[in-house]
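Here is a briefing on aromatic contacts. Look at the rings first, then at their surroundings.

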Amino acid sequence: MNKREYFTHFNPARVPSPCFVIDKAAVEDNLKILHRVQRESGAKVLAALKAFSCWSLAPLFREYLSGTCASGLHEALLGREEFGGEVHCYSAAYKESDLKQILEVADHVVFNSVSQWVQFKTMALAAQQRRPELQFGLRINPEHSEGTTPLYDPCAPCSRMGVPIAALDAAIEVDSSFLQGISGFHFHTLCQQDLPPLDRTLSAVVRKFGKYFRHISWINFGGGHHISREDYQVDDLIDMLKNFQANYDLQVYLEPGEAVAIRSGVLVTAVLDITWNSMAQAILDTSATCHMPDVLEMPYRADILGAGLPNEFAHTYRLGGMTCLAGDVIGDYSFTQPLQIGQRLMFDDMAHYTMVKTTTFNGINLPSIAVWDSRTNELDIIREFGYSDFKQRLS
(Lines give C-alpha, C1' and ligand atoms only; values in the text may rest on other atoms or scores of the structure.)
Protein backbone atom coordinates (compact mmCIF):
# COMPACT_ATOMS: atom_id res chain seq x y z
CA MET A 1 0.00 0.00 0.00
CA ASN A 2 1.32 3.41 -0.94
CA LYS A 3 1.60 5.47 2.23
CA ARG A 4 -0.53 8.21 0.70
CA GLU A 5 -3.42 5.76 0.56
CA TYR A 6 -3.63 4.99 4.27
CA PHE A 7 -6.19 7.69 5.05
CA THR A 8 -8.30 7.62 1.90
CA HIS A 9 -11.04 5.72 3.73
CA PHE A 10 -10.81 7.49 7.09
CA ASN A 11 -13.87 9.53 8.08
CA PRO A 12 -12.65 12.77 9.72
CA ALA A 13 -16.03 13.25 11.37
CA ARG A 14 -15.11 10.45 13.78
CA VAL A 15 -12.72 12.65 15.76
CA PRO A 16 -12.96 16.07 17.43
CA SER A 17 -11.45 18.97 15.52
CA PRO A 18 -8.63 19.73 15.40
CA CYS A 19 -7.09 16.32 15.94
CA PHE A 20 -3.89 14.50 15.07
CA VAL A 21 -4.80 11.01 13.87
CA ILE A 22 -1.99 8.44 13.79
CA ASP A 23 -2.42 5.24 11.79
CA LYS A 24 -0.91 2.40 13.80
CA ALA A 25 -0.61 0.26 10.67
CA ALA A 26 1.41 2.93 8.87
CA VAL A 27 3.78 3.36 11.81
CA GLU A 28 4.27 -0.38 11.99
CA ASP A 29 5.02 -0.56 8.27
CA ASN A 30 7.75 2.06 8.78
CA LEU A 31 9.14 0.21 11.79
CA LYS A 32 9.29 -3.03 9.82
CA ILE A 33 11.52 -1.38 7.22
CA LEU A 34 13.81 0.01 9.94
CA HIS A 35 13.87 -3.38 11.63
CA ARG A 36 14.93 -5.02 8.38
CA VAL A 37 17.85 -2.58 8.10
CA GLN A 38 18.83 -3.38 11.68
CA ARG A 39 18.48 -7.14 11.27
CA GLU A 40 20.32 -7.47 7.95
CA SER A 41 23.07 -4.89 8.49
CA GLY A 42 23.99 -5.41 12.15
CA ALA A 43 23.57 -1.69 12.82
CA LYS A 44 21.28 -0.58 15.65
CA VAL A 45 18.36 1.71 14.93
CA LEU A 46 17.03 4.17 17.51
CA ALA A 47 13.88 6.28 17.27
CA ALA A 48 14.53 10.01 17.59
CA LEU A 49 11.99 11.21 20.13
CA LYS A 50 12.50 14.82 19.03
CA ALA A 51 10.51 14.00 15.89
CA PHE A 52 7.85 11.63 17.22
CA SER A 53 7.31 10.74 20.86
CA CYS A 54 3.78 9.36 20.91
CA TRP A 55 4.41 6.99 23.80
CA SER A 56 1.06 5.27 23.45
CA LEU A 57 2.73 3.38 20.59
CA ALA A 58 5.83 2.54 22.63
CA PRO A 59 5.03 -1.21 22.75
CA LEU A 60 5.25 -1.25 18.95
CA PHE A 61 8.64 0.49 19.02
CA ARG A 62 9.99 -1.97 21.59
CA GLU A 63 9.10 -4.79 19.22
CA TYR A 64 11.09 -3.45 16.26
CA LEU A 65 13.88 -1.07 17.33
CA SER A 66 16.87 -1.05 19.67
CA GLY A 67 15.79 2.00 21.69
CA THR A 68 15.50 5.76 21.50
CA CYS A 69 17.66 8.85 21.28
CA ALA A 70 16.91 11.95 23.32
CA SER A 71 17.81 15.62 23.12
CA GLY A 72 17.75 16.24 26.84
CA LEU A 73 16.54 15.08 30.24
CA HIS A 74 12.81 14.84 29.64
CA GLU A 75 13.10 12.84 26.43
CA ALA A 76 15.66 10.57 28.09
CA LEU A 77 13.25 9.93 30.97
CA LEU A 78 10.42 9.21 28.53
CA GLY A 79 12.63 6.83 26.58
CA ARG A 80 13.59 4.95 29.73
CA GLU A 81 10.08 4.87 31.24
CA GLU A 82 8.04 4.03 28.17
CA PHE A 83 10.07 2.88 25.16
CA GLY A 84 12.69 0.60 26.72
CA GLY A 85 15.83 -0.61 25.00
CA GLU A 86 18.88 1.61 24.83
CA VAL A 87 18.57 5.30 25.66
CA HIS A 88 21.05 7.66 24.00
CA CYS A 89 21.19 11.34 24.83
CA TYR A 90 22.80 14.29 23.05
CA SER A 91 22.39 17.97 23.81
CA ALA A 92 24.12 21.07 22.50
CA ALA A 93 24.96 21.75 26.16
CA TYR A 94 24.01 20.15 29.47
CA LYS A 95 22.96 21.85 32.66
CA GLU A 96 24.73 20.15 35.52
CA SER A 97 21.47 19.40 37.34
CA ASP A 98 20.01 17.76 34.20
CA LEU A 99 23.17 15.82 33.45
CA LYS A 100 23.19 14.27 36.91
CA GLN A 101 19.82 12.72 36.18
CA ILE A 102 20.67 11.81 32.59
CA LEU A 103 23.71 9.87 33.80
CA GLU A 104 21.35 7.67 35.82
CA VAL A 105 18.99 6.74 32.96
CA ALA A 106 20.92 6.92 29.66
CA ASP A 107 23.17 4.27 28.11
CA HIS A 108 25.10 6.64 25.85
CA VAL A 109 25.65 10.32 26.64
CA VAL A 110 27.12 12.38 23.81
CA PHE A 111 28.88 15.68 24.47
CA ASN A 112 28.77 18.48 21.94
CA SER A 113 32.05 20.26 22.61
CA VAL A 114 35.57 19.92 23.93
CA SER A 115 34.72 22.22 26.83
CA GLN A 116 31.61 20.29 27.91
CA TRP A 117 33.57 17.03 28.04
CA VAL A 118 36.36 18.69 30.02
CA GLN A 119 33.83 20.27 32.40
CA PHE A 120 31.87 17.07 33.08
CA LYS A 121 34.43 14.32 32.50
CA THR A 122 35.01 13.66 36.21
CA MET A 123 31.27 13.50 36.93
CA ALA A 124 30.69 11.26 33.93
CA LEU A 125 33.43 8.77 34.78
CA ALA A 126 32.23 8.61 38.39
CA ALA A 127 28.75 7.70 37.12
CA GLN A 128 30.33 5.06 34.91
CA GLN A 129 31.88 3.47 37.99
CA ARG A 130 28.36 2.99 39.36
CA ARG A 131 26.91 1.99 35.99
CA PRO A 132 29.59 0.20 33.91
CA GLU A 133 27.23 -0.01 30.92
CA LEU A 134 27.24 3.79 30.62
CA GLN A 135 29.23 5.04 27.62
CA PHE A 136 30.25 8.49 26.41
CA GLY A 137 30.56 9.96 22.96
CA LEU A 138 31.66 13.15 21.28
CA ARG A 139 29.68 14.82 18.55
CA ILE A 140 31.95 15.61 15.63
CA ASN A 141 31.30 18.15 12.90
CA PRO A 142 32.59 16.94 9.52
CA GLU A 143 32.03 20.45 8.08
CA HIS A 144 30.25 18.86 5.15
CA SER A 145 26.82 20.31 4.34
CA GLU A 146 24.13 18.32 2.58
CA GLY A 147 21.06 20.32 3.57
CA THR A 148 19.42 22.99 1.44
CA THR A 149 17.75 24.91 4.28
CA PRO A 150 20.30 26.70 6.52
CA LEU A 151 17.99 26.52 9.55
CA TYR A 152 18.30 22.71 9.46
CA ASP A 153 21.96 22.41 8.45
CA PRO A 154 24.13 21.31 11.41
CA CYS A 155 27.26 21.84 9.32
CA ALA A 156 26.51 25.37 8.16
CA PRO A 157 29.33 27.89 8.66
CA CYS A 158 29.72 28.89 12.32
CA SER A 159 27.50 26.01 13.44
CA ARG A 160 27.41 25.36 17.18
CA MET A 161 26.86 21.64 16.55
CA GLY A 162 29.78 19.32 17.14
CA VAL A 163 33.57 19.45 17.28
CA PRO A 164 35.44 20.27 14.04
CA ILE A 165 38.58 18.28 13.37
CA ALA A 166 40.83 21.28 14.09
CA ALA A 167 39.33 21.64 17.57
CA LEU A 168 39.69 17.92 18.29
CA ASP A 169 43.29 17.87 17.08
CA ALA A 170 44.08 20.88 19.28
CA ALA A 171 42.46 19.32 22.35
CA ILE A 172 44.48 16.11 21.94
CA GLU A 173 47.67 18.08 21.35
CA VAL A 174 47.13 19.89 24.67
CA ASP A 175 46.06 16.72 26.52
CA SER A 176 46.98 13.38 24.99
CA SER A 177 44.46 11.66 27.29
CA PHE A 178 41.56 13.84 26.10
CA LEU A 179 39.73 10.90 24.51
CA GLN A 180 40.05 8.74 27.62
CA GLY A 181 36.50 7.75 28.51
CA ILE A 182 35.15 8.51 25.03
CA SER A 183 34.05 5.30 23.32
CA GLY A 184 32.18 6.69 20.32
CA PHE A 185 31.59 9.49 17.84
CA HIS A 186 28.31 11.00 16.69
CA PHE A 187 27.70 13.06 13.56
CA HIS A 188 24.59 14.42 11.88
CA THR A 189 24.34 16.20 8.54
CA LEU A 190 21.11 15.04 6.90
CA CYS A 191 17.53 16.29 6.74
CA GLN A 192 14.90 14.25 4.86
CA GLN A 193 17.55 12.73 2.59
CA ASP A 194 18.43 9.43 0.98
CA LEU A 195 21.62 7.41 0.61
CA PRO A 196 23.96 9.47 -1.65
CA PRO A 197 24.15 12.39 0.83
CA LEU A 198 25.01 9.92 3.60
CA ASP A 199 27.67 8.33 1.40
CA ARG A 200 29.28 11.71 0.75
CA THR A 201 29.10 12.64 4.43
CA LEU A 202 30.65 9.35 5.48
CA SER A 203 33.57 9.95 3.13
CA ALA A 204 34.19 13.32 4.79
CA VAL A 205 33.97 11.78 8.26
CA VAL A 206 36.46 9.02 7.43
CA ARG A 207 38.83 11.46 5.71
CA LYS A 208 38.90 13.86 8.65
CA PHE A 209 38.27 11.73 11.73
CA GLY A 210 39.25 8.22 10.62
CA LYS A 211 42.65 8.52 12.30
CA TYR A 212 40.86 8.43 15.68
CA PHE A 213 38.64 5.42 14.94
CA ARG A 214 41.10 3.15 16.75
CA HIS A 215 40.17 4.91 19.99
CA ILE A 216 36.42 4.19 19.76
CA SER A 217 34.09 1.19 19.50
CA TRP A 218 30.91 2.72 18.06
CA ILE A 219 29.79 5.52 15.78
CA ASN A 220 26.36 7.12 15.45
CA PHE A 221 25.36 8.30 11.96
CA GLY A 222 22.68 10.60 13.41
CA GLY A 223 19.29 11.23 11.86
CA GLY A 224 17.72 12.71 8.76
CA HIS A 225 17.65 9.32 6.99
CA HIS A 226 14.38 8.91 5.04
CA ILE A 227 14.75 5.13 5.13
CA SER A 228 11.04 4.31 5.05
CA ARG A 229 10.32 6.59 2.07
CA GLU A 230 9.07 4.61 -0.92
CA ASP A 231 12.11 5.32 -3.12
CA TYR A 232 14.87 5.06 -0.49
CA GLN A 233 17.78 2.76 -1.44
CA VAL A 234 17.34 0.32 1.45
CA ASP A 235 19.40 -2.53 -0.03
CA ASP A 236 22.32 -0.22 -0.72
CA LEU A 237 22.12 1.19 2.79
CA ILE A 238 22.34 -2.29 4.26
CA ASP A 239 25.41 -3.05 2.14
CA MET A 240 27.03 0.26 3.16
CA LEU A 241 26.47 -0.42 6.85
CA LYS A 242 27.81 -3.96 6.64
CA ASN A 243 30.92 -2.85 4.77
CA PHE A 244 31.63 0.07 7.08
CA GLN A 245 31.34 -2.04 10.22
CA ALA A 246 33.54 -4.74 8.74
CA ASN A 247 36.19 -2.28 7.58
CA TYR A 248 36.46 -0.32 10.82
CA ASP A 249 35.24 -2.78 13.47
CA LEU A 250 32.76 -0.23 14.83
CA GLN A 251 29.17 -0.70 15.92
CA VAL A 252 27.01 1.68 13.89
CA TYR A 253 23.89 3.41 15.20
CA LEU A 254 21.23 5.21 13.18
CA GLU A 255 18.65 7.47 14.79
CA PRO A 256 15.96 8.34 12.23
CA GLY A 257 13.16 10.64 13.30
CA GLU A 258 10.79 11.23 10.41
CA ALA A 259 11.34 7.71 9.07
CA VAL A 260 9.48 6.17 11.99
CA ALA A 261 6.35 8.20 11.32
CA ILE A 262 6.46 9.41 7.72
CA ARG A 263 3.03 9.31 6.03
CA SER A 264 1.50 7.85 9.19
CA GLY A 265 -0.66 10.72 10.41
CA VAL A 266 -3.07 13.48 9.45
CA LEU A 267 -4.25 16.66 11.11
CA VAL A 268 -8.03 16.93 10.95
CA THR A 269 -9.32 20.49 10.94
CA ALA A 270 -12.60 22.28 10.32
CA VAL A 271 -13.49 25.38 8.31
CA LEU A 272 -14.70 28.15 10.66
CA ASP A 273 -15.26 31.02 8.26
CA ILE A 274 -15.05 31.93 4.58
CA THR A 275 -14.25 35.51 3.57
CA TRP A 276 -12.91 37.48 0.60
CA ASN A 277 -9.96 39.87 0.32
CA SER A 278 -8.66 39.87 -3.26
CA MET A 279 -9.16 36.10 -3.15
CA ALA A 280 -11.26 33.61 -1.23
CA GLN A 281 -10.07 33.09 2.34
CA ALA A 282 -10.90 30.20 4.67
CA ILE A 283 -10.16 30.35 8.39
CA LEU A 284 -9.57 26.98 10.05
CA ASP A 285 -9.73 25.84 13.67
CA THR A 286 -6.04 25.00 13.52
CA SER A 287 -2.94 27.18 13.14
CA ALA A 288 0.35 26.99 11.28
CA THR A 289 2.23 28.74 14.08
CA CYS A 290 0.62 26.67 16.86
CA HIS A 291 0.09 23.26 15.33
CA MET A 292 2.31 22.86 12.26
CA PRO A 293 5.18 25.33 12.70
CA ASP A 294 7.41 23.71 10.09
CA VAL A 295 5.04 25.13 7.47
CA LEU A 296 6.46 28.51 8.46
CA GLU A 297 9.96 27.49 9.61
CA MET A 298 11.08 25.10 6.86
CA PRO A 299 9.09 26.40 4.96
CA TYR A 300 7.09 23.77 3.11
CA ARG A 301 3.63 23.19 1.70
CA ALA A 302 1.50 20.72 3.65
CA ASP A 303 -0.67 18.58 1.39
CA ILE A 304 -4.41 18.29 1.97
CA LEU A 305 -6.07 15.04 0.98
CA GLY A 306 -8.34 15.70 -2.01
CA ALA A 307 -7.03 19.23 -2.63
CA GLY A 308 -4.74 20.58 -5.33
CA LEU A 309 -2.40 23.43 -6.16
CA PRO A 310 -3.85 26.93 -6.63
CA ASN A 311 -6.18 26.97 -9.66
CA GLU A 312 -5.66 23.26 -10.32
CA PHE A 313 -9.31 22.75 -9.42
CA ALA A 314 -12.24 25.13 -9.78
CA HIS A 315 -12.22 26.75 -6.34
CA THR A 316 -9.05 28.23 -4.81
CA TYR A 317 -8.75 29.45 -1.21
CA ARG A 318 -6.04 30.85 1.00
CA LEU A 319 -6.17 28.81 4.21
CA GLY A 320 -5.25 30.57 7.44
CA GLY A 321 -5.14 29.82 11.13
CA MET A 322 -7.25 31.33 13.86
CA THR A 323 -4.48 33.23 15.68
CA CYS A 324 -3.79 36.98 15.58
CA LEU A 325 -0.48 36.44 13.76
CA ALA A 326 -0.84 38.02 10.32
CA GLY A 327 1.52 35.42 8.91
CA ASP A 328 -0.47 32.46 10.24
CA VAL A 329 -1.13 31.36 6.66
CA ILE A 330 -0.94 27.69 5.71
CA GLY A 331 -1.09 28.21 1.97
CA ASP A 332 -3.27 28.40 -1.14
CA TYR A 333 -5.24 25.31 -2.16
CA SER A 334 -7.86 24.46 -4.74
CA PHE A 335 -10.88 22.17 -4.39
CA THR A 336 -13.33 20.62 -6.82
CA GLN A 337 -16.29 22.00 -4.84
CA PRO A 338 -16.69 25.21 -2.80
CA LEU A 339 -15.69 24.87 0.84
CA GLN A 340 -18.45 24.95 3.41
CA ILE A 341 -18.36 26.23 6.99
CA GLY A 342 -17.96 23.22 9.24
CA GLN A 343 -16.36 21.09 6.52
CA ARG A 344 -13.51 18.83 7.65
CA LEU A 345 -10.13 18.84 5.91
CA MET A 346 -7.19 16.50 6.46
CA PHE A 347 -3.60 17.72 6.23
CA ASP A 348 -1.38 14.83 5.19
CA ASP A 349 1.87 13.59 6.80
CA MET A 350 1.29 15.36 10.12
CA ALA A 351 2.70 12.81 12.57
CA HIS A 352 6.34 13.89 12.82
CA TYR A 353 7.55 17.29 14.06
CA THR A 354 3.98 18.37 14.78
CA MET A 355 2.75 17.08 18.14
CA VAL A 356 6.22 17.61 19.59
CA LYS A 357 6.26 21.28 18.51
CA THR A 358 2.73 22.49 19.25
CA THR A 359 2.15 25.63 21.31
CA THR A 360 -0.81 27.38 22.94
CA PHE A 361 -0.05 30.83 21.53
CA ASN A 362 -3.16 33.04 21.78
CA GLY A 363 -4.59 30.41 24.13
CA ILE A 364 -5.40 28.25 21.10
CA ASN A 365 -6.30 24.74 22.23
CA LEU A 366 -3.96 21.89 21.37
CA PRO A 367 -5.28 19.32 18.88
CA SER A 368 -6.59 16.07 20.30
CA ILE A 369 -4.59 12.91 19.58
CA ALA A 370 -6.15 9.74 18.21
CA VAL A 371 -4.73 6.37 17.17
CA TRP A 372 -6.49 4.63 14.28
CA ASP A 373 -5.72 1.26 12.72
CA SER A 374 -6.40 1.22 9.00
CA ARG A 375 -6.40 -2.59 9.05
CA THR A 376 -9.31 -2.89 11.47
CA ASN A 377 -10.86 0.64 11.44
CA GLU A 378 -10.46 0.67 15.24
CA LEU A 379 -10.16 4.19 16.65
CA ASP A 380 -8.99 5.34 20.07
CA ILE A 381 -8.99 9.00 21.07
CA ILE A 382 -6.07 8.89 23.49
CA ARG A 383 -5.82 12.53 24.54
CA GLU A 384 -7.95 15.67 24.53
CA PHE A 385 -6.77 19.05 25.79
CA GLY A 386 -8.46 22.04 27.36
CA TYR A 387 -8.12 25.22 29.38
CA SER A 388 -6.21 23.52 32.21
CA ASP A 389 -3.42 22.53 29.84
CA PHE A 390 -3.04 26.16 28.81
CA LYS A 391 -3.27 27.54 32.35
CA GLN A 392 -0.97 25.02 34.02
CA ARG A 393 1.97 25.78 31.76
CA LEU A 394 1.84 29.42 32.90
CA SER A 395 1.79 31.05 36.34
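Which residues form one aromatic cluster? They are Phe 187, Phe 213, Phe 221, Phe 244 and Tyr 248. The model is predicted. Its aromatic pairs come to a count of 18.

**Phe 61 and Phe 83**
- The ring centres of Phe 61 and Phe 83 are 5.5 Å apart, and their planes meet at 85°, so this pair is edge-to-face.
- Phe 61 belongs to helix H2 (residues 58-64) and Phe 83 to helix H3 (residues 73-83), so the pair ties together parts 22 residues apart in sequence.
- Phe 61 has 3% relative accessibility and therefore counts as buried, the cut-off being under 20%.
- Phe 83 also counts as buried, because its relative accessibility is 3%.

**Tyr 94 and Phe 111**
- Tyr 94 and Phe 111 make an edge-to-face aromatic pair. The distance is 5.5 Å centre to centre, with 70° between the planes.
- Tyr 94 sits in the loop between strand E4 (86-90) and helix H4 (96-105), while Phe 111 is in strand E5 (residues 108-111), so the pair ties together parts 17 residues apart in sequence.
- Tyr 94 and Phe 111 are both buried.

**A charge over a ring**
- The face of Tyr 333 has Arg 301 lying over it. Arg 301 is at 4.0 Å from the ring centre.

Technical notes. Residues numbered from 1 in each chain as written. Predicted model: local features only at pLDDT ≥ 70, side-chain atom pairs only at ≥ 80, totals over all residues. Heavy atoms only, no water. Phe/Tyr/Trp six-rings, centres within 6.5 Å; stacked < 30°, edge-to-face > 60°. Helix = DSSP H or I, 4+ residues; strand = E, 2+ residues; numbered from the N terminus. Buried < 20%, exposed > 50% of the residue type's maximum accessible area, 1.4 Å probe, protein only. Lys NZ or Arg CZ within 6 Å of the ring centre and 35° of its normal.
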